[in-house]
Amino acid sequence: MAKLVHRTFGQRTERVDGPTLFDGLPDEPSPPPTRPAPPDPVAPRSPRTGHGRRPNPADLPRRREELDLTAAEKVCPCCAGIRVRIGETIRERLDDTPASLFVREIACPTYVGRACEPAARPPQFAAPAVPPDPIPKSGVGAGLLAQVIVSKYVDHLPLYRQEAIFARHGWPVSRTRLCDLVGHAAVLLDPVDRAMVGRVNASFAIHADESPVALLQPRQTAYGWVDLGDAVNPFTLFDFTPGRGDAYPAAFLAGYAGFVHTAGYAGYNVLHGSGERHLGCGAHVRRTFFDARTNHPAKASEALAYIRTLYAVEREIADGALTGDAIVSRRQTRAGPIVTRFGDWLIDEERTALPKSPFGQAVSYARNQWPTLGRSLTDARFAIDNNVAERAIRPLALGRKNWLFVGGDGGLRTAAVLMSLCASAKRHGLNPWTYLTDVLTQLAAKPADVSPLLPDAWARDHLPTGR
């Protein structure tokens with residue numbers, strides 16, 4: 001009961017303050033300090049930062065409003081002459097205009113040759129080509145489609161709420177039509193999603209996780225799967241399936257031969273070869289010992305000290321901005337001995353721990369995952385845990401609290417495509433609405449190559465250099 005109450009009302013963090021196994025040990029030798037240059041006695045003091053209100057962003061549009069004196073107020077009471085303007089003071093106030101709908105009137109003039117008819121020749125008409133609609137005969141532009149998609153899959157607004165919002169803006173649309181528009185948009189975006197799947201399938205290592213979601217027709221529990229490609233294939237993919245069997249990840253990433261960061265769920269065995277390419281999650285091991293503190297506080301705290309030390313090494317790597325072989329060297333010299341000692345400690349504790357106790361189950365889980373937990377020492381591209389996938393799947397948990405369920409089997413593929421595009425756009429720092437508006441517009445022309453529309457390529461072409 002205490003565990004259930006803590007999970008429901010307590011803090012979600014698993015952070016435990018305490019010592020690490022590095023305490024009391026000398027730090028790694030550092031280069032001798034260089035003699036600092038004498039300070040400039042006349043150098044101005046740098047301004048203090050971090051205090052006061054931040055200035056308004058410079059890239060926001062400005063609307064100038066000028067206040068002026070009346071003719072009577074411009075008369076100087078001293079000399080009775082007219083005051084002369086010598087400058088102005090600008091005061092900024094951040095304001096907002098509610099979203100508004102508008103109708104695009106696309107005028108296409110028609111031209112004809114004047115000399116054709118008098119010469120008894122058939123008239124030759126010409127008119128500019130009308131740009132195709134993203135969804136033919138829908139009368140809805142790419143910007144509005146992108147707004148509906150982003151509102152649901154980024155801002156977690158179900159369609160019935162959007163129905164009320166659009167009605168306030170003057171468009172009395174039904175949620176049924178909104179649902180049809182979302183489904184057709186997913187079909188249009190499907191080639192881009194499949195191109196991202198192909199790229200992620202070529203990753204050296206991926207992160208994967210899954211979470212349940214309610215399916216309305218038929219009424220059952222479906223599952224949402226998230227797969228994150230590596231730095232060469234930086235996409236976040238979602239897949240929704242009516243079950244949780246290992247056939248679903250195998251079908252989604254058919255032929256994948258790289259490493260997989262996951263927890264201990266056996267459904268991923270088909271992807272990582274039943275452990276041959278499995279990279280375990282240190283955060284899950286830590287979580288089991290964190291939950292065992294109330295049952296066996298002394299031993300659980302000892303295990304958490306080992307794990308805290310391993311994460312201290314990862315903080316050293318991040319703070320030092322290490323890369324490549326430097327990461328492997330730091331992990332092997334600093335974390336390698338700790339991993340060995342922790343493994344020996346788990347073997348000793350497994351002999352005496354009660355198998356059904358929370359501490360015994362924590363030890364058993366760590367022992368079962370042990371062959372996969374030390375592989376991060378061998379390659380800089382491996383991570384110590386799978387937290388990046390757990391963070392990536394969090395929007396699904398937030399969304400299902402709002403839209404509650406997926407309507408039917410057909411909605412599974414729709415949700416997968418649209419969540420993948422939105423999540424991948426955010427991963428590259430893109431505005432999802434801007435990205436989707438442009439991609440939907442270009443896809444309406446049915447391009448033969450969709451690779452320039454992938455989020456990483458689109459970001460290179462549209463974002464300023466350095467972002």
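Visitor: In which loop of this predicted model does K137 lie?
Guide: Most residues other than glycine have a negative phi. K137 is a residue other than glycine with a positive phi, near 65 degrees. K137 is also exposed, with a relative accessible area of 86%, where over 50% is the cut-off. Its place is the loop between strand 2 (125-126) and helix 2.

Visitor: Is S274 buried or exposed?
Guide: S274 has a positive phi of about 55 degrees although it is not a glycine. S274 belongs to the loop between helix 6 (269-272) and strand 7 (278-279). With a relative accessible area of 61%, where the cut-off is over 50%, S274 is exposed.

Visitor: Which residue with a positive phi follows helix 3?
Guide: Helix 3 comprises residues 159-168. The residue in question has a phi near 100 degrees, and this residue is G170.

Visitor: Within what arc do the buried residues of helix 3 fall?
Guide: The buried residues in helix 3 are L159, Q162, E163 and F166. Seen down the helix axis, these residues line one face of helix 3, because they fall within an arc of 110 degrees.

Visitor: Against which helices do the buried residues of helix 3 pack?
Guide: L159, Q162, E163 and F166 are the residues concerned, being buried in helix 3. Their packing partners are helix 2 (142-153) and helix 4 (175-200).

Visitor: How many of the residues of strand 4 are buried?
Guide: Strand 4 covers residues 220-228 and is largely enclosed by the rest of the structure.

Visitor: Which residue of strand 4 is the bridge partner of P212?
Guide: Strand 3 (residues 205-217) pairs with strand 4 in the antiparallel sense over nine bridges. The two strands are joined by a hairpin through two residues. In strand 4, the bridge partner of P212 is Y223.

Visitor: What is the omega of the peptide bond from Q217 to P218?
Guide: P218 is found in the loop between strand 3 and strand 4. Most peptide bonds are trans. The bond from Q217 to P218 is cis, with omega near -5 degrees.

Visitor: Which residues lie closest to the centre of the largest pocket?
Guide: The largest pocket has a volume of about 1400 Å³. Its lining consists of 27 residues. These divide into eight nonpolar, four polar and 15 charged. Closest to the centre are R63, R64, E65, R91 and E92.

Visitor: Which helices each supply at least two residues of the lining of the largest cavity?
Guide: Rolling a probe the size of a water molecule over the atoms shows where empty space is left. The count comes to one cavity of 30 Å³ or more, and the largest cavity has a volume of about 240 Å³. The helices that each supply at least two lining residues are helix 7 (282-291), helix 8 (297-319), helix 9 (325-352) and helix 10 (358-373).

Visitor: How many residues of the lining of the largest cavity are nonpolar?
Guide: The largest cavity is lined by 22 residues, with G282, L310, L373, S376 and I384 nearest its centre. Five of the lining residues are polar and three are charged, while the nonpolar residues number 14.

Notes: Residues numbered from 1 in each chain as written. Predicted model: local features only at pLDDT ≥ 70, side-chain atom pairs only at ≥ 80, totals over all residues. Heavy atoms only, no water. Buried < 20%, exposed > 50% of the residue type's maximum accessible area, 1.4 Å probe, protein only. Helix = DSSP H or I, 4+ residues; strand = E, 2+ residues; numbered from the N terminus. Pairing = 2+ DSSP bridges. Arc of directions from axis to C-beta. Contact = heavy atoms within 4.5 Å. 1 Å grid on protein atoms, 1.4 Å probe; cavity = no way out; pocket = protein on both sides within 12 Å on 5 of 7 lines; lining within 4 Å. Points joined across faces, edges and corners; volume = space filled by probe spheres on them. Nonpolar A, V, L, I, M, F, W, Y, C, P; charged D, E, K, R; others polar.
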